[in-house]
Amino acid sequence: MAVASLSPKGSARMTKGERHNLMMGLLFVSPWILGFLIWTLYPLLSSVFFSFTRYDFITPMKFIGMQNYVEIFTRDPRFYTVVYNTFYYVGIGVPLGVAVAFLMANLLNTDVKGRSVFRAIFYVPSIIPAICSAMVWLFIFNNQYGVINNVLRALGRPIIPFLSNPTLSKPSLILIHLWAQGTAVVIFLAALQDVPRSLYEAATVDGANGWHKFRHITIPLSSPIIMYNLIMGLISGFQTFLMPYLLTNGGPMASTEFYAMHLYRNAFELFRMGKACALAWLMFVVLAAFTLFIFRTSARWVFYGGEK
Amino acid sequence: MSTAETTITPTSRGRETGSWTARRITGVALKYLIIIFLAASYAFPLYWMVSSALKDDPQVYRIPPVLAPNPAHWNNFIDAWRSDEFTLYTFNSVFRYALPNTLFTVISSTLVAYGFSRIKWPGRDKLFYLCIATMLIPYTVTMVPLFIVFKRLQDAGLGRWIGTYNPMVVPALFGNAFYIFLLRQFFLTLPEELSDAARVDGASELGTLVRILLPLMKPALAVVALFQFMGTWADYLGPLIYINKYTMYPLALGIQKLRAMMSSVGNAPLAYPYLMAVSTVAAAPIIIIFFFAQRTFIEGIALTGLKG
């Protein structure tokens, strides 16, 4: 109100009420604006600057130009390993996760008795603390004491070294990822319930079979949600950290060392803040490119006609 | 996958909907078989966690595995709890982290969401889109520069950050983009006349929000509070980065400490019943909250996905 009396002519185009609304609006939103500047924009921009420095909190920060980036691409043998592992995990785990969630939601969307019970069973694994899931899967996958391998032993079969074999370790982590798809299932199920029944009935009258209806009604009308889950899966997939960190700590033979772990170790185990910022910035660019690519191509495969 | 669809509609022309042909019965049976198989596999790890928590060592390692504990060793829970400072860790999780963070998040996000929905001001929607876009910025990218920010603030004598929960609690005062988005959607569903009537009566914006709208927002606020409490209760990465003293550990880090302790004295395998017991305690509040507030959860989740 003090501001309003300061410049009575400056914003002549605004009525007193509009000016009041602007002030009040900004006032209410100001925590977020401040937070965005302090906790998002400043760190994001400063990380560009830090990525050109050597910084370990002990010796003074030193500007070293492109050296961190050069090192990452030419003298860091782990870098290509973690990039390969991360693309492997994202490339297989994320589409598979979305597909499994979508099919499970479709299964639940038929006239199933006890749907809410099944939905709860599928959802709960995705909300329990990661440390609990990690401990359980560590136990289940254990070579000597795990339940699966003990059943195999009882049957006289060879055991499956889920986490101790470099070929199996990533698929094992993907299996755990598929187990924690509940949130996506719930979102898909809500979307499927919004698809008008009349469309299916009309298609039935026209002689369409189940596959036709799935292909030409269910998939197109769910495609915006498929895209949403794909992008969310992509963002969290590229950041995979906790499960491999707790279950295998990157092993065996670095087969489960992922990009976010490499970044974490550089920052908080080796205290190479500059290099970690360079790694973070590279990740941001790649992830932004992927997201943009999905948005750009979405016009071709995402159907928005069903939006209300 | 087409199984699910074929079962809801008879394959031959769809005229005899409701009639039980042999083919339809097989389809329905097959569908339930798949759903029950999936549900069993999804529920098994959690069942295994609880049942193993109640077994003694010989039962845990028997071949073939023992499905149900017999006899059940309930004192495992007490012994496991007493094997480390778990009461202290739980206190830290709740009172140093989850509760203050949740309280701050709910208040700040509500205020910001109000400013983004119930007041009309120029530039509002553009700023809101920016707010949504920040949800796409991965934490891994800002994690390192944020740590540098807190470290430098501390070195400059501006507050205590490293080694405390402040880096995880103070930013909650600035709103969370995801919940701002969610609460804004709720605010938009409340009729504009409510606010107009309050304004005519001379109520301030804050008065309108607190006295008129908040009572109608209870379900939405419950969603935010539940999600945020669960997220902070389960958080591992934040404390991993900032907490460096055992006495400050949250429960999640305490569980990992128990595991490390057991393997350092050479009996990692024997730790499993204790680990399962403590994991069960850590997962229990989440599962209990979910079963009491299932509707709230499902609707909250569905909303975030659908309107996205």
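This is a predicted model: local features need pLDDT of at least 70, side-chain atom pairs count only at pLDDT 80 or more; totals for chains, interfaces and linings use all residues.

User: Which residues of α11(B) are the buried ones?

Analyst: They are B:Glu205, B:Gly207, B:Thr208, B:Leu209 and B:Leu213. Let us take B:Thr208, which lies in helix α11 (residues 205-213) of chain B.

User: What makes B:Thr208 count as buried or exposed?

Analyst: Its relative accessibility is 0%, and buried means under 20%. B:Thr208 therefore counts as buried. Leaving aside neighbours within four places in sequence, B:Thr208 is in contact with B:Tyr114, B:Ser195, B:Ala198, B:Ala203 and B:Leu213.

User: Why are B:Arg199 and B:Glu205 called a salt bridge?

Analyst: The closest N and O atoms of B:Arg199 and B:Glu205 are 3.3 Å apart. The rule asks for a side-chain nitrogen of Lys or Arg within 4 Å of a carboxyl oxygen of Asp or Glu, so the pair qualifies as a salt bridge. B:Arg199 also meets B:Asp196 in a salt bridge, at 3.6 Å from N to O. B:Asp196 and B:Arg199 both lie in helix α10 of chain B, 3 residues apart, about one turn of the helix.

User: What makes B:Asp196 and B:Arg199 partly exposed?

Analyst: Partly exposed falls between under 20% for buried and over 50% for exposed. B:Asp196 has 36% relative accessibility, so it counts as partly exposed. B:Arg199 has 29%, and therefore B:Arg199 is partly exposed too.

User: Which parts of the chain does the salt bridge of B:Lys257 and B:Asp84 link?

Analyst: The side chains of B:Lys257 and B:Asp84 meet at 3.0 Å, N to O. The pair links distant parts of the chain: B:Lys257 is in helix α14 (residues 251-264) of chain B, while B:Asp84 is in the loop between α4 and α5 of chain B, 173 residues apart. Both B:Lys257 and B:Asp84 are buried.

User: How many salt bridges does the rule find across the interface of chain A and chain B?

Analyst: The rule finds 1. B:Lys31 and A:Asp111 form a salt bridge, with their closest N and O atoms 3.4 Å apart. That distance passes because the limit is within 4 Å.

User: How do you know how much area chain A and chain B bury between them?

Analyst: The size of an interface is often given as the accessible area lost when the parts come together. For chain A and chain B this is about 9000 Å², with 81% of it on carbon and sulfur atoms. A:Phe28, A:Trp32 and A:Trp39 supply 10% of the area that chain A buries against chain B, more than any other three residues.

User: What do the two domains of chain B bury between them?

Analyst: Domain 1 (2-79) and domain 2 (82-307) of chain B bury about 1100 Å² between them, 69% of it on carbon and sulfur atoms. B:Met49, B:Tyr61 and B:Asp79 supply 44% of the area that domain 1 of chain B buries against domain 2 of chain B, more than any other three residues. Across this interface of domain 1 and domain 2 of chain B, the rule finds 0 salt bridges.

Notes: Residues are numbered from 1 along each chain as its sequence is written. Chains are lettered from A and ligands numbered from 1 in the order in which they are written. Side-chain values use heavy atoms; hydrogens and water are left out. Helices (H or I, at least four residues) and strands (E, at least two) are DSSP runs, numbered from the N terminus. Buried means under 20% relative accessible area, exposed over 50%, partly exposed in between (1.4 Å probe, protein chains only). Contact means heavy atoms within 4.5 Å. Domain bounds come from an automatic or database domain assignment. Buried area is the accessible area (1.4 Å probe) that two parts lose on being put together, summed over both.
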